[in-house]
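Welcome! Here is a short briefing to read alongside the picture, moving from the whole chain to a few of its residues.

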Amino acid sequence: PAAAYRSGGIEAQALGASPHGLITMLFDGALLSISLAKSHLVDGKTREKAESINKAIDIIGSGLRAALNIKDGGELAQNLDDLYEYIVMLLLRANANNSTDPLDEAGRLLKELGDAWKEVGRADLAAT
């Protein structure tokens, strides 16, 4: 029941979110999944580690990368797509090698991107 409640809360939050807010939620979800993966790896919980990594990969691939408009976004969109691909490769490496270093790098990169995205949102709000 608690998981269903949390899931319903996230769905309600997503329904009321702006497009900018939805992307922010994707960054936060991917970062949480990476953090959980690292915790599971350290605790020796192989199945849970793999599930958390797969969830982060899904968020990046089906959420963040899918939201890019490569055609109209030009070089910036292409660079972000390449960076997301690199982050996915780091996650795959962490999973295959049971290594925290790639998780740390993937988390750092996503946090920097997420922080920049949040700053853009704050600047947009300040301008209105």
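In which helix is the place of Asp-81? Asp-81 lies in helix α4, which covers residues 70-97. Keep in mind as you look around that this is a predicted model.

**The protein as a whole**

- You will find 5 helices and 0 strands in the protein.
- Reading from the N terminus, the order of elements is α-α-α-α-α.
- The protein has 128 residues, and 28% of them count as buried.
- Take the contacts between residues at least 6 apart in sequence: 60% of these join residues at least 24 apart.

**How α2 and α3 pack**

- Helix α2 (residues 19-42) packs with helix α3 (residues 46-65) at an angle of about 160°, and their axes are 8 Å apart.
- Angles over 145 degrees count as roughly antiparallel, so α2 and α3 are roughly antiparallel to each other.
- The crossing of α2 past α3 is left-handed.
- On the α2 side, the residues making this contact include Ile-23, Leu-26, Phe-27, Ala-30 and Ile-34.
- On the α3 side, Ile-53, Ala-56, Ile-59, Ile-60 and Leu-64 are among them.
- Sorted by class, the contact of α2 with α3 has 13 nonpolar, 5 polar and 3 charged residues.
- Glu-48, Lys-49 and Lys-55 of α3 take part in the contact too.

**Back to Asp-81**

- Is Asp-81 buried or exposed? Its relative accessibility is 14%, so Asp-81 counts as buried, the limit being under 20%.
- Leaving out residues up to four places away in sequence, Asp-81 touches Arg-65, Leu-68 and Ile-70.

**A look at Lys-118**

- Lys-118 sits in helix α5, which spans residues 100-127.
- With a relative accessible area of 26%, Lys-118 is partly exposed, because that class lies between the buried limit of 20% and the exposed limit of 50%.
- Which residues does Lys-118 contact, leaving aside neighbours within four places in sequence? They are His-20, Thr-24 and Asp-28.
- Lys-118 and Thr-24 are 94 residues apart along the chain, and a distance of 6.8 Å separates their C-alpha atoms.

Conventions:
Residues are numbered from 1 along each chain as its sequence is written. This is a predicted model: local features need pLDDT of at least 70, side-chain atom pairs count only at pLDDT 80 or more; totals for chains, interfaces and linings use all residues. Side-chain values use heavy atoms; hydrogens and water are left out. Helices (H or I, at least four residues) and strands (E, at least two) are DSSP runs, numbered from the N terminus. Buried means under 20% relative accessible area, exposed over 50%, partly exposed in between (1.4 Å probe, protein chains only). Contact means heavy atoms within 4.5 Å. Axes are lines fitted to C-alpha atoms, for helices over the stretch in contact, and angles run from 0 to 180 degrees between N-to-C directions. Angles under 35 degrees count as roughly parallel, over 145 as roughly antiparallel, 65 to 115 as roughly perpendicular and the rest as oblique. A crossing is left-handed if the near helix is turned anticlockwise from the far one by less than a right angle, and right-handed if clockwise. Ala, Val, Leu, Ile, Met, Phe, Trp, Tyr, Cys and Pro count as nonpolar, Asp, Glu, Lys and Arg as charged, and the others, Gly among them, as polar.
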